[in-house]
Amino acid sequence: MSNDRYKSIEHRVVANGSKDRVSVPIFMNPRADAILGPLPEVLENTTVKAISTVSSVLSKLCDSYISSNQYAPRDPNSEKIIDFVVNKRNGVKGLVDAGIQTVPELYILPVDERLEPNKILTTDSIPVIDVSNWDDPVVTESICEAAGKWGFFQIINHGVPLEVLDAVKEAAHRFFGLPSEERSKYWAGNSPTETVALKTSFVPQAETVLEWKDNLSFRCSPRDLESFPLWPPVCRDEVVKYMESAEPVIRKLLEVLLKGLKVEEIDEAREYTLMASPYRSIEHRVVANGSKDRVSVLIFVNPGADAIFGPLPEVLESGEQPLYKEVVYSDYFKYFFSKRHEGKKTMEFARI
């Protein structure tokens, strides 16, 4: 309206890691049918032409904003879907059970965010590493090289029985095969214990496009196992057996990765600092199967809430400058789940 005499700047607020911050903004908006454009008084007695002579009805401008805003629904049915999937605790499985025939617009990525077929490497594969002999130097070398080059690898002959792997996947299918009212008993915020939670997507309240997935998560520390009787009977035994079988493999992997960083003394605190090491952390995607269900059984190795992350001294011995500051795990965790999924951009939280 001032024809750029007054400036409109972009600004950001830095979060405070030690205390809450509250802002109370006031936006001065005209009526929906108000016309926007340079004021005549601004253009009087001047040879400067208006930068834009476009006069737009505010309601049209708002429609344009809503269509591009990252938190706005993409179609009129989005709110109904969110209510059914999230608020009524049905999840994606509830949509499928209801007989939905097409994927809702709310779950479809914009074209520029989709995986491009021409970027798929069909002539190469992630490393497959035989760990039947953990003491073999070749095993250590292969794992560390894969962690540095790929950030992703597969291990075989790891000692976790095949029947344990099959059993936990079958248990997952049994849980998601339960009636909706049975599954929803474990919905996050409604579960009989905070050590088990059923969720959908990532952070649906903050996402433009929801992820086509439901997930049932368990916290499995020794103290958490005290709530075992409150876990879903159809899968709790298989989950515990899987964790018991996988724990030795996890510890071996941590030992090998730390050894590759020339860490001699391995303790709990050092196990938790791998995120700040030269090993790569890659973004990856899973393509949904249109003809059958897909189950993944993931294990996230998390430290205590008060654990501190930072570059290992051994990594910086050569004079390399730290790229990340020390952060408290609980601070990073809260930040990570406070917004939509942004992949590795979240690491900027800890970057110097």
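Arg 89 follows helix H3 and has a positive phi, near 65 degrees. The model described here is predicted. Helix H3 itself spans residues 78-87, and its buried residues are Ser 78, Ile 81, Val 85 and Val 86. These four lie on the same side of H3, because they cover an arc of only 100 degrees around the axis. In an α-helix, residues three or four places apart point the same way, because there are 3.6 residues a turn. The cover over the buried residues of H3 includes helix H4 (91-97) and strand E3. On the face of H3 turned away from the buried side are the exposed residues Lys 80 and Asn 87.

**Positive phi values**

Two further residues, neither of them a glycine, also have positive phi: Ser 201, at about 55 degrees, and Lys 262, near 65 degrees. Ser 201 belongs to the loop between E3 and E4, whereas Lys 262 belongs to the loop between H8 and helix H9 (268-271). Ser 201 is buried, with a relative accessible area of 4%. Lys 262, by contrast, counts as exposed, at 64% relative accessibility.

| Residue | Phi | Relative accessible area |
|---|---|---|
| Ser 201 | about 55 degrees | 4% |
| Lys 262 | near 65 degrees | 64% |

**Strands E3 and E4**

Strand E3 covers residues 196-200, and four of its five residues are buried. E3 runs antiparallel to strand E4 (residues 214-218), to which five bridges join it. Within this pairing, Ala 197 is opposite Ser 217 in E4. Strand E4 also contains Phe 218. Which residues does Phe 218 contact, leaving aside its neighbours within four places in sequence? They are Thr 195, Val 196, Trp 231, Pro 232, Cys 235 and Val 239. The C-alpha atoms of Phe 218 and Val 239 are 8.4 Å apart in space, and the two residues are 21 residues apart in sequence.

**The largest nonpolar core**

The largest nonpolar core holds 23 residues, of which Val 131, Trp 134 and Ile 143 touch the most other members. At least two residues of this core come from each of helix H5 (137-149), helix H6 (162-176) and helix H8 (236-259). H8 supplies the largest share, namely six residues. Nonpolar side chains tend to be buried together in soluble globular proteins. Apart from residues up to four places away in sequence, Val 131 touches Val 139, Ile 143, Ile 155, Ile 156, Asn 157 and His 158.

Helix H11 comprises residues 329-336, and its buried residues are Tyr 329, Tyr 332 and Phe 336. They are on the same side of H11, because the arc they cover around the axis is only 65 degrees. Strand E5 (308-309) and strand E6 (327-328) are among the elements that cover them.

How many aromatic pairs does a search of the whole structure find? The search finds 14. One of the pairs, formed by Tyr 335 and Phe 349, is stacked, with 4.7 Å from centre to centre and 20 degrees between the planes. This pair links distant parts of the chain, since Tyr 335 is in helix H11 and Phe 349 is in the segment after H11, 14 residues apart.

Elsewhere, the charged end of Arg 236 is positioned over the ring of Phe 228, at 5.3 Å from its centre.

**The chain as a whole**

The protein chain has 11 helices and six strands. It contains 352 residues, 30% of which count as buried. Among the contacts in the protein chain with a separation of 6 or more, 62% are between residues 24 or more positions apart.

Conventions:
Residues are numbered from 1 along each chain as its sequence is written. This is a predicted model: local features need pLDDT of at least 70, side-chain atom pairs count only at pLDDT 80 or more; totals for chains, interfaces and linings use all residues. Side-chain values use heavy atoms; hydrogens and water are left out. Buried means under 20% relative accessible area, exposed over 50%, partly exposed in between (1.4 Å probe, protein chains only). The arc is that of the directions from the helix axis to the C-beta atoms. Contact means heavy atoms within 4.5 Å. Rings of Phe, Tyr and Trp (its six-membered ring) pair if their centres lie within 6.5 Å; planes under 30 degrees apart count as stacked, over 60 as edge-to-face and the rest as tilted. A charge sits over a ring if NZ of Lys or CZ of Arg is within 6 Å of the ring centre and within 35 degrees of the ring normal. A nonpolar core is a set of buried Ala, Val, Leu, Ile, Met, Phe, Trp, Tyr and Cys residues joined through side-chain atoms within 4.5 Å. Two strands pair if DSSP finds at least two bridges between them.
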